[in-house]
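Here's a quick briefing to read alongside the model.

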Amino acid sequence: MNELERLTMQALHSEHCAHPTFRSSIRLVGDDGDILELSSLYDELIKTTYIPEKHPWVLSAFSGHAGVVSYHEDASVLSFKMETHNHPSAIDPFEGATTGIGGVLRDILAEHTTPIIAFDALGLPSQAITNPRALESERAQELMKGIVSGIGAYGNRFGIPTAFGALRFHSRFLENPLVFAGAIGAAPTNYKPPRKPQARDLLVLVGKESSSDGFGGAAFSSGPLDPRINTSHCVQVGDPMSGRLLSDLMARLRREKLYLDCADLGAGGIATAVCELIEEHGAQLELSPEHEASTYPEADFQEWWLGETQERMLLVIAPQDLSKVQSYAHDVGLRSLKLGFLSEDEHLVLKAGPRVRLKLSLNDRRWCAKETLNATAPSFHLHDVLSMPSIEKNDTYPRYEVSERFDQRITNCVSSGSHNRYREAQAAIRFKAYGNEYCTTTTMTVIRNEQDPFDYAYAAVVKTLKDLQRVGGDISRAALMDNFSWGRVDTPQRLGRLVRGVQGCCHAASVAGLPFISGKDSLNNSTRLSNGNVVDIPGVVVVSGLCPRKN
């Protein structure tokens, strides 16, 4: 295996891309010695909550790039997704938050819908508001202002509002702030490509010109932060204007049914997008001799292949549609590059000129569980979930710092409250899409170390449903989304706390008879200090909900 192949495998199988902790089987030992075998945390979230016959409004759950629902007879659809962008925001608050929003908007595009609303949940350092004159406060103020302005800047320039959000403060967010970036997309119908991809169909890259931005970002985001190591090159750079052009291009391609499948480019760059899109296929990628990347030395070629330039999409198209796709990309000022074609064998082969740079088999590309993880359940007694302070306490946004996030009316949407730019953040909103009204909200909870994560996760689901109901939502047809940000899970005790958090979400959703349709986990949110100590964030659970409005 050469160096390019090794780096590709490192990105593909990283915690950020492959989520091995959530996909591995787990043996959970309770405080009474009872053993519970779990096939995986993903299976817990999907199989225990989503039942197709019981939830016909769900079109896609935990498959593809976002959850997709359809509630009305007109066949219009909504997509629902929230991503994490924690490590990049710790290094460069503005660009980290900007590219977090940009990434989740491309997830919405990859589910064949157009973004209409952005939202977020932020974990910011309490030092920014408790002791403004302390030295730590300078770092805290830099994080808060950079993250908030980054989110607002991308949404405003892209042309969609940041309509609602959640916020929690904690002292341990000083080293590792949390940025959960969410979005909702809409389309008049659920996109159905003309046919399934097959051998000899083309792989075409459209969007911004590829560069080395964010090189190594997938591996960087999967491990603890270490200030002694320069990781600034791992942070991506956002370009919201190109993002909007890409959105317009994808809408035109959808209308004319010019692509068979698509994937957005984020962590791992071209490498992970190609492997994701051809999961059941092989592919021959052949860069023509006139393409500049074909002449790159090895180090530069690695950056081109694994660089995480934003605002790009990878398409599978029929050969006869290539000229039309390239023409449409040129019309909006974006680049297009034919990378290669799908093949009948199970190998991914990358050629640059006459030289074979990479060759991977289908088994190499797939992530495979290698062992069962051991976890120990924390020894806690369940508390009354409705009286927990971190759920019931109404932490509000500092008005001045966040005013930029609410300075734009919601285009084609109707909110449940005023859009005064100095108004405090709304917990839940109503909005319109294709003539139908919907309700949506998000709940963020920080788990105290001495208490059971099950309770907090359960209560987050309860509060999400209450907020939806408060603004007129029909919660009997709600769809839920989970996000977990955790510290290290390298011991059975630490992993056991994460498992309890997942179980709390699943139990609450099962009691309510509602499905989780999408989610994201971000683990190893920890920082190695100069004295050698490692600081973990407290466990954080974010639960978001979407449902139609009652008549």
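**The chain at a glance**

Of the 551 residues in the chain, 61% are buried. Bear in mind that this is a predicted model. The secondary structure runs to 18 helices and 23 strands.

**Overall figures**

- The chain has an accessible surface of about 21700 Å², and carbon and sulfur atoms own 48% of that surface.

**Helix pair α1 and α12**

- Helix α1 covers residues 3-12 and helix α12 covers residues 298-306; the two pack with their axes 10 Å apart, at an angle of about 25 degrees.
- Angles under 35 degrees count as roughly parallel, so that is the label for α1 and α12.
- The crossing of α1 past α12 is right-handed.
- On the α1 side, the residues involved are Glu3, Leu4, Leu7, Thr8 and Ala11; they meet Glu298, Phe301, Gln302, Trp305 and Leu306 in α12.
- Sorted by class, this contact has six nonpolar, two polar and two charged residues.

**Helix pair α10 and α13**

- Helix α10 (residues 240-255) and helix α13 (residues 322-331) cross at roughly 150 degrees, and their axes come within 10 Å.
- Angles over 145 degrees count as roughly antiparallel, so the pair α10 and α13, at roughly 150 degrees, gets that label.
- The crossing of α10 past α13 is right-handed.
- Leu249, Arg252 and Leu253 are the α10 residues here, and they meet Val325, Tyr328, Ala329 and Asp331 of α13.
- By class, the contact between α10 and α13 has five nonpolar and two charged residues, with no polar ones.

**Gln326, in helix α13**

- Gln326 is found in helix α13 and has 29% relative accessibility, so it counts as partly exposed.
- Gln326 and Val204 are 122 residues apart in sequence, yet their C-alpha atoms are 8.9 Å apart in space.

- Phe62 has a phi near 55 degrees, a positive value in a residue other than glycine.
- You'll find Phe62 in the loop between β3 (58-60) and β4 (67-69), where Phe62 is partly exposed with a relative accessible area of 23%.
- Asn524 also has a positive phi, near 60 degrees, and is a residue other than glycine.
- Asn524 sits in the loop between β20 (516-522) and β21 (526-528).
- Buried means under 20% relative accessible area, so Asn524 counts as buried at 16%.

- Thr527 is buried, with a relative accessible area of 4%.
- Setting aside neighbours within four places in sequence, Thr527 is in contact with Glu175, Asn176, Leu225, Pro227, Asn533, Val534 and Val535.
- Thr527 and Gly487 are 40 residues apart in sequence, and the distance between them in space is 9.2 Å, C-alpha to C-alpha.

How values were computed: Residues numbered from 1 in each chain as written. Predicted model: local features only at pLDDT ≥ 70, side-chain atom pairs only at ≥ 80, totals over all residues. Heavy atoms only, no water. Helix = DSSP H or I, 4+ residues; strand = E, 2+ residues; numbered from the N terminus. Buried < 20%, exposed > 50% of the residue type's maximum accessible area, 1.4 Å probe, protein only. Areas by Shrake-Rupley, 256 points an atom, 1.4 Å probe, with all protein chains shown as cover. Axes fitted to C-alpha atoms, helices over the stretch in contact; angles between N-to-C directions. Parallel < 35°, antiparallel > 145°, perpendicular 65-115°, else oblique. Left-handed = near helix turned anticlockwise from the far one by under 90°. Contact = heavy atoms within 4.5 Å. Nonpolar A, V, L, I, M, F, W, Y, C, P; charged D, E, K, R; others polar.
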